[in-house]
Structure formats: C-alpha cells, structure tokens
Amino acid sequence: MNTKQDIATLNMDIEKIRADFPILSHSVHNKPLVYFDNAATTQKPQVVIDALVDYYTNLNSNVHRGVHYLSQQATNAFEGVRDKIQQFVNARYRHEIIFTRGCTESINLVAGSWGRANIGKGDEIVISALEHHSNIVPWQMLCEEKGAKLKICPILEDGSLDMTAFSDLLTTATKLVAITHISNTLGTINPVKEITRMAHDKGIVVLIDGAQALSHLKVDVQDIGCDFYTFSAHKVYGPMGIGGLYGREDVLNAMPPYQGGGEMIKNVTFEKTTYNELPFKFEAGTPNVGDAIGFGVALDYISNIGLDRIAVREHELLQYATMRFKSDPLIRIIGNAPEKASLISFMIDSIHPYDAGTIIDQFGIAVRTGTHCTQPLMDFLGLPGTIRASFAFYNTEEEIDRLMDAIVKVEELFL
Ligand code: 7TS
C-alpha cells in the first residue's frame, strides 16, 4: 500500500466502475474523453439509462389517478423513489420529500411559498458569498417584493465561511439563513450543522442548498437539523429534470401551496378549493415519473458502491490533483478550505480561463471555465472566472496527469 494507485485499487475496481458509464469510453477530438465537469452534471451509469428506456417501454402511465394496472405500477415505482430518497437523506417521514425539477425549483418553491408567507418589510435573509445564483436570485426577488434585506456572510482568504461574521449577522431581524452545503466553485464544505444550530438558537429558519453535497458525502437532514434541504438528481448520477426538496413536516404543513393545478388539491369547486396533504400539496401537475425512477436507480447504484468508499476515493483524487497542481508554480489554486470536496478551481498565471479552457478541450478534457454561476463570488475574489476541474469516483490519476500535460501546452502557447 505505497502509492495512491495502490490505495485506489484496494478501495474499488475503477476499470469495472468506468465500464458502467458508457460515455466514459467515448473520444472527443480523437482523444479519450476525460470528464472533469462533474460539478455541472455527473455522467449516468448504464443502469440509469436502461431504467429510462424500461419505463417508457414497459410502464409509461400517469400516476396517482388510475385504477388500471399500469397506473398502479407506475405509481408504486414513483412513490418507491420517495422512500429511497427519504432513506438516503434520513428524513423522518416520506412525505417530507417533495419532487421538483431540481435544486433551483426547490429553492424557488421555498422562496415562493414559505418566503411569501413569512418574510415582511425590514426582515433579513442571510446567505453567503459562496452561493450559486440559484441560492441568490430567488431571495433577491423575494426581498424586492417584500421590502426585506439580503445580507451576505463573507468568506475568509482560504474560501471558508467567516463564522464570526456569520454569528454577527444573525439578529432579531433575521428570518432565514440560506447557505450551500458545498461550494460549487471553491469546493468548501460548510459546517451546516453548526450553522443550523446557531440560527435555530435565534429562532431562524435554515435552508441548505445540497446540490453539490449528495454525491460526495452522507447527508443526514435530521442530524443537520435544517428546515429545508434541496438537491438535483443529475448531480448524483441520475437524470436531469428531477430533484427534490426536503422540508420538515411542521414547516411544510404550515406553508401555502406553491403552484396550483391537478394533484395538489383535495376538493375543487368554483367557490372554494381545499388542498391535498403532504407531499402532494406541493406537487401540482403530472410529475416527471420516468426521471424519478431513474433517480432511484442512481441512488441505489451509489449506495451499492458505498458513499464512504466514494468519499475516500474522491479525497485521493483531490489530494493527487492538488499535489500535481502545486508542483507547477504557474498554477494558482483558488479555495483552500480545510474541509473541501473533490473539485479545484484554478488560474494558470494570468491566462484568461476561456483561453485555457479552449486549449484543454482540444485534449479531449472537459473542464468548466467561467464564473460557475457564482458571479458575486468572482467579484468578491476579484477574478474574471476560473478553470474548474471537478472529480467523481470514476476519474483516475492518469486523467489528472493528462490535464497537467494540457496545462503545460496552455502555458507554452500563452506565456
Ligand atoms: N446550487 C449549487 C451549489 C449548484 O452547484 C447548482 C448547480 C445549483 C444550486 C443549481 O442546480 P440545478 O440542478 O437546479 O441547476 N451548479 C452548476 C455548476 O457548478 N455548473 O453547472 C451547474
């Protein structure tokens, strides 16, 4: 057990795992694809792709509204995924899981329903400098509508949250804290349990944006104690267009509906409509049944590998890439928080990230360049953007070596 490769081999059979993801054997620009854009979306294992085809081939039917065989089978499969998600994030009740289109819609649901009902003039909402636009703009819109104020918790030089500043921001005017679990740009893992405890001590409601977290670490919403937790399937090896919101039962029950339509009602007359129970109160219209089923298969897939093993493997990749990047004096890593997920934002000297990204792409390597939907964070850091390599457990040290070769080429061309 001397080299990183040995440890990786002991941890999991990478070649076998890679074979589960058909896209990973593709070529781009006549080079084997290296996929380092996992924070934007993860690739899908064949079992997830098969589940989608199987659903539309054998099960397609609308849910919750038919006594016929197919409708009941589709309903069972769809509702079974709710149970899987409940177990995956350790929610107390299955009806605390609301299906949405994804993390963005989940945050908008909370802003549109809980926010409209609970935020008033002069109230304050605390977010952080690390937030994705999805966890900024809905709150800005709400604050504008209600005459409330958005307060921003700053970060320290290493990309960690400034917890002293956070504590100072919590006042009697604060009604909500909405903070990301893991920064999609810097990789910082925030102390969400502590954040929740500090906010709850002052009676403040807490939303955690879990878009980046579900694939990297074991999420336990009861242990965190938060009121809301949001996520997207496509970042956890599942399909796009499906995700969810965890909300604590008492909080969800006290909220008005978000959208009106079929499914979310109990009884409709032209005079008065009464609303359905949880979770259906928040699920107006025909849901995305096929993709939900694919989501369930993705959760089973990573549960079978084991999130603890995934975390170990991804940490190895992060350490290896960090070590390689640090060996090049022209590379500046942006974000060095002690608790960090497996992604690295970086600059190559003064080369614009778009220029670097274009050359790196020619090597068949997918990295993301730009502001990563965190423009205010880029302003905060005084950067035009970064290059971001985000790793999943199916990536390898050899792929990181190939990225280093491409970076050397970028340096030759631009410096
Ligand atoms: N919050 C965080 C922290 C994210 O990283 C993202 C997507 C979202 C919310 C929104 O998720 P969606 O599934 O609703 O779009 N992040 C990224 C990214 O880093 N590159 O592309 C999308």
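Ser232 puts a polar side-chain atom 2.6 Å from an oxygen atom of the ligand. The protein buries 87% of the 490 Å² that the ligand exposes when taken alone; accessible areas come from the Shrake-Rupley method with a 1.4 Å probe, and for residues only the protein chains shown count as cover. This is a predicted model, where local features need pLDDT of at least 70, side-chain atom pairs count only at pLDDT 80 or more, and totals for chains, interfaces and linings use all residues. Residues are numbered from 1 along each chain as its sequence is written, and side-chain values use heavy atoms, with hydrogens and water left out.

Two further side chains approach ligand oxygens. In Gln212, a side-chain N or O atom is 2.7 Å from an oxygen atom of the ligand. For Asn184, the corresponding distance is 2.8 Å. In total, 16 residues surround the ligand, each with a heavy atom within 4 Å of it. Thr104, Asp209, Ser232, Arg368 and Arg388 are the closest.

Now the backbone. The peptide bond from Leu278 to Pro279 is cis, with omega near 0°. Pro279 belongs to the loop between strand S12 (273-275) and helix H11 (289-305). Helices (H or I, at least four residues) and strands (E, at least two) are DSSP runs, numbered from the N terminus. Asn30 is not a glycine, yet has a positive phi of about 60°. Its place is the loop between strand S1 (27-28) and strand S2 (31-32).

One last stop is helix H15 (residues 397-414), which contains Leu413.

How values were computed. A polar contact is a pair of N or O atoms within 3.5 Å; within protein, one must be able to donate a hydrogen and the other to accept it, and residues adjacent in sequence count only if both atoms are side-chain atoms.
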